[in-house]
Amino acid sequence: MTEPLDSLRATVAGTPPAPEALESYLRKVHERAYTVTDGDVEALKAAGFTEDEIFEQTVSAAVGAGLDRLERALRTLA
């Protein structure tokens, strides 16, 4: 089971650093993704980000958050 997780970790680590203008959005994705709205994405597009940039950074933040939660859960169970 560690190989797929290692692959995910490597993918997240290999994602280019997010521009500063995306930081608050990505923090929202990481901490409370259920509150992200179409308006958030539209605002980023209006700020000049492409859909591909938004998607790549969103997926990276979401996967990173999931891996963080998984690691905390595994430590709790150990």
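Helices here are DSSP runs of H or I with at least four residues, numbered from the N terminus. Val59 sits in helix 4, which covers residues 51–77, and Ser60 belongs to helix 4 as well. This is a predicted model, where local features need pLDDT of at least 70 and side-chain atom pairs count only at pLDDT 80 or more, while totals for chains, interfaces and linings use all residues. Residues are numbered from 1 along each chain as its sequence is written, and side-chain values use heavy atoms, with hydrogens and water left out.

**Val59 and Ser60**

- Val59 is partly exposed, at a relative accessible area of 36% (buried means under 20%, exposed over 50%, partly exposed in between, with a 1.4 Å probe and protein chains only).
- Ser60, by contrast, is buried, because its relative accessible area is 12%.
- Beyond its neighbours within four places in sequence, Ser60 is in contact (heavy atoms within 4.5 Å) with Val12 and Thr15.

**Leu26**

- Between the C-alpha atoms of Leu26 and Val59 there are 9.7 Å, and the two lie 33 residues apart along the chain.
- With neighbours within four places in sequence set aside, Leu26 is in contact with Ala18, Gln57, Thr58 and Ala61.

**The largest nonpolar core**

- A nonpolar core is a set of buried Ala, Val, Leu, Ile, Met, Phe, Trp, Tyr and Cys residues joined through side-chain atoms within 4.5 Å.
- The largest one has eight residues: Leu22, Tyr25, Leu26, Val29, Leu44, Phe49, Ile54 and Ala61.
- Helix 2 (23–32) and helix 4 are the elements that give two or more residues to this core.
- Helix 2 gives the most to this core, with three residues.
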